[in-house]
Amino acid sequence: MGSRASTLLREEEIEEIKKETGFSHSQITRLYSRFTSLDKGENGTLSREDFQRIPELAINPLGDRIINAFFPEGEDQVNFRGFMRTLAHFRPIEDNEKNKNPTASEPLNSRSNKLLFAFRLYDLDRDDKISRDELLQVLRMMVGVNISDEQLGSIADRTIQEADTNGDSCISFQEFIKVLEKVDVEQKMSIRFLH
Amino acid sequence: MGVSSSCAHSSETNTGHGKECHATTLHLSHRAAVEPQEMEEFWAGVLWAMKIWLYLVVSLIMMPAMFGFSLGISETYMTLLMKTLKWATMKIQKANAEEQTLNGPSSNGLIQRGNGSMEKELEELRRSRPKPPVGGDFTLSDCFYFTRRGIESIVEDEVTQRFTSEELVSWNLLTRTNNDFQYISLKLTLVYGLGIVVRYCILAPLRITLACIGLSWLVIGTSAVGLLPNWKIKLWLSEWVHIMCYRICARGLSATVHYHNRENKPKKGGICVANHTSPIDVVILCNDGGYAMVGQVHGGLMGVVQRAMVRACPHIWFERSEMKDRHLVTKRLKDHATDKKKLPILIFPEGTCVNNTSVMMFKKGSFEIGTTIHPVAIKYDPKFGDAFWNSSKYSMVSYLLRMMTSWALVCNVWYLPAMHQQDGEDAVQFANRVKSAIAHQGGLVDLQWDGGLKRAKVKETFKEQQQKKYSSMVVGDDSSSSSSSSD
């Protein structure tokens, strides 16, 4: 509902978030409204349980990995800035942004950053490599109990074989980008905002 | 109060102010001697005013309510209210017109969700490379589909929004719905201020009085009727008492109800099902006919009311322990429903209150009994007040107080034609059919999700369904039978 919510978000903060993420003013206030409605403890941060309360997310096979992406290493709470920073990856790429000042830092929703988000979904221990084990674990999350260990293992092996170019039996971020170079990442990893 | 400040002054300055201080205290004590007399007169005046107030209330509101005719006072109030709200809406829209042209049409949704099925989306993702000859069809980009669905549901999902009050498109001059609307004009603020005064100082006491009268009359009246032996007149009297009390309670909430299709009104010996938004649904429906209630036995005030009601005509109250026994519950409901002399049972199959923008899963218990089902759709108009009871946020008492300080309660009730369970249709399908009919009539979203998700976690089986569906896309249809699950 957020009757007082928008007054708790100061104008300077909105401006900062706007610069950092590229969301518009009205999008930020609406997302703040959403943030506060999810924050059942009303302490200005979200915990993993707050996310789990969304039924559609709880039944998503990769739900836990997606939730994990919001939390920085070792932390259990995410504030609104962190929330927006993660959501910013899914902002659609607009044409005028492509010609931006090249010295400015890469926007959060660039193709490369979107791919990095997906890479981190697989990279469980955050060591910038997807090992066979990690790939197996994520595959297991996605298929549940419906595929045998051997079959899943051969799928993982084949995937790594196709992607691995330097022979270390792991997929690095560069190899990941190469494999997916033909995929329309901009469209598939973007959410269409209405305002 | 002015005395203390002037004395404090004297302690600081320490001059002849001390004498002044003394003089003022003398003056006060003189006043104190006079005050008891004034106080008595004051209280006598208050009592007299209250007597007049009560007589007015009884004659102008209670009497018409009891006998079912109207003096037109509420109608005038409603027309005045609607004109005011329309004017306010226009003013706000004019002020926001600039913003609106920039943002396009204002819809309530934040994002446009991708509505492709899992199969379609994954196919598109995999188009970039040929299908491998052996092994499973998996690509690293498969996760994009789940990721996007997950993030979409974090930004906006179908379920959690049903458990909080509906967001209004345009402000209705109540503080509680003030959602980011800025100062617009002096006139609007004045009307808003006037509204507060009217609602809290005039309407609320009036409504509370009526509600108390209505409730006490219910208890007294039904107990009195209960003392009569079982003649035919007892039934008629009990119905009359019930309706009268509910009418008074409805006036106590300034409820304006429009009943549609009254030829489909539930008849004796059936079950009436309706969508559930708040406990006031009972008052709304019972204004137009007698129903037998079903529910748990409560203690306290509710318990007194329940026991009184059951003396006049049969209702079905369960002890907490009995509710666990499904067979017992079904049997008692069936016994009551098949008795053609008893009033139709009123059941809310959602099992919990939701915010009147959607209808959530109907529990199949009442649809297994096998009697005629009379569906009823209830839709409140959110402009005049928010009827949804958010039980995790407000207790019953504070909820009722909020209702009594809203503008009014306007709702539409549609009676739908009776439905029976068809051959080859199980209870769940029948329940879904009834739910769709109610949702369609009331203009509500038809959801498959369980209203119990308000408090409980979603069942693991739904996740397993998703996993199964995805697995069949990876290894094809030979290892697992492809199930057509609702996505």
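# Close-ups of a predicted two-chain model

Chain A is assigned two domains, domain 1 (10–88) and domain 2 (107–188), with bounds that come from an automatic or database domain assignment. This is a predicted model, where local features need pLDDT of at least 70, side-chain atom pairs count only at pLDDT 80 or more, and totals for chains, interfaces and linings use all residues. Residues are numbered from 1 along each chain as its sequence is written, chains are lettered from A and ligands numbered from 1 in the order in which they are written, and side-chain values use heavy atoms, leaving out hydrogens and water.

**View 1. The two domains of chain A.** Their centres, taken over C-alpha atoms, are 25 Å apart. Across the boundary, 14 residues of domain 1 of chain A are in contact with 11 residues of domain 2 of chain A (contact means heavy atoms within 4.5 Å). Chain A has 13 helices and 3 strands; these are DSSP runs, H or I of at least four residues for helices and E of at least two for strands, numbered from the N terminus. Of the 195 residues in chain A, 49% are buried, where buried means under 20% relative accessible area, exposed over 50% and partly exposed in between, with a 1.4 Å probe and protein chains only.

View 2. UniProt, in an unreviewed entry, puts "domain: EF-hand" at residues 26–61, 110–145 and 151–186 of chain A. Such positions use the numbering adopted here, feature names are shortened, and annotations may be inferred rather than shown by experiment. Residues 26–61 of chain A are 61% helix and 0% strand, with end C-alpha atoms 32 Å apart. For residues 151–186 of chain A, the figures are 61% helix, 6% strand and 32 Å.

**View 3. The largest nonpolar core.** This core holds 72 residues, and those with the most contacts inside it are A:F51, A:F83, A:Y122, A:F176, B:F138 and B:F144. A nonpolar core here is a set of buried Ala, Val, Leu, Ile, Met, Phe, Trp, Tyr and Cys residues joined through side-chain atoms within 4.5 Å. Helix α5 (residues 142–155) of chain B supplies the largest share, 7 residues. Domain 1 (10–88) and domain 2 (107–188) of chain A both contribute residues, so the core lies between them. Zoom in on A:Y122 and you'll find it touching partners from both chains, including A:F176, A:M142, B:F138 and B:C143.

**View 4. Helix α3 of chain A against α5 of chain B.** The axes of α3 (residues 25–38) of chain A and α5(B) come within 9 Å and cross at roughly 85 degrees. That makes α3(A) roughly perpendicular to α5(B), a label for angles of 65 to 115 degrees. At the meeting point, A:L31, A:R34 and A:L38 face B:S153, B:I154 and B:V155.

**View 5. B:R148, an arginine in α5 of chain B.** B:R148 sits in helix α5 of chain B and is buried, at 8% relative accessible area. Setting aside neighbours within four places in sequence, B:R148 contacts A:Q187, A:K188, A:S190, A:I191, B:G114 and B:E121.

**View 6. B:S238 in helix α7 of chain B.** Helix α7 (residues 232–251) of chain B is where B:S238 lies, buried with a relative accessible area of 3%. Not counting residues up to four places away in sequence, B:S238 touches B:V225, B:A312 and B:C313.

Note on methods: Axes fitted to C-alpha atoms, helices over the stretch in contact; angles between N-to-C directions. Parallel < 35°, antiparallel > 145°, perpendicular 65-115°, else oblique.
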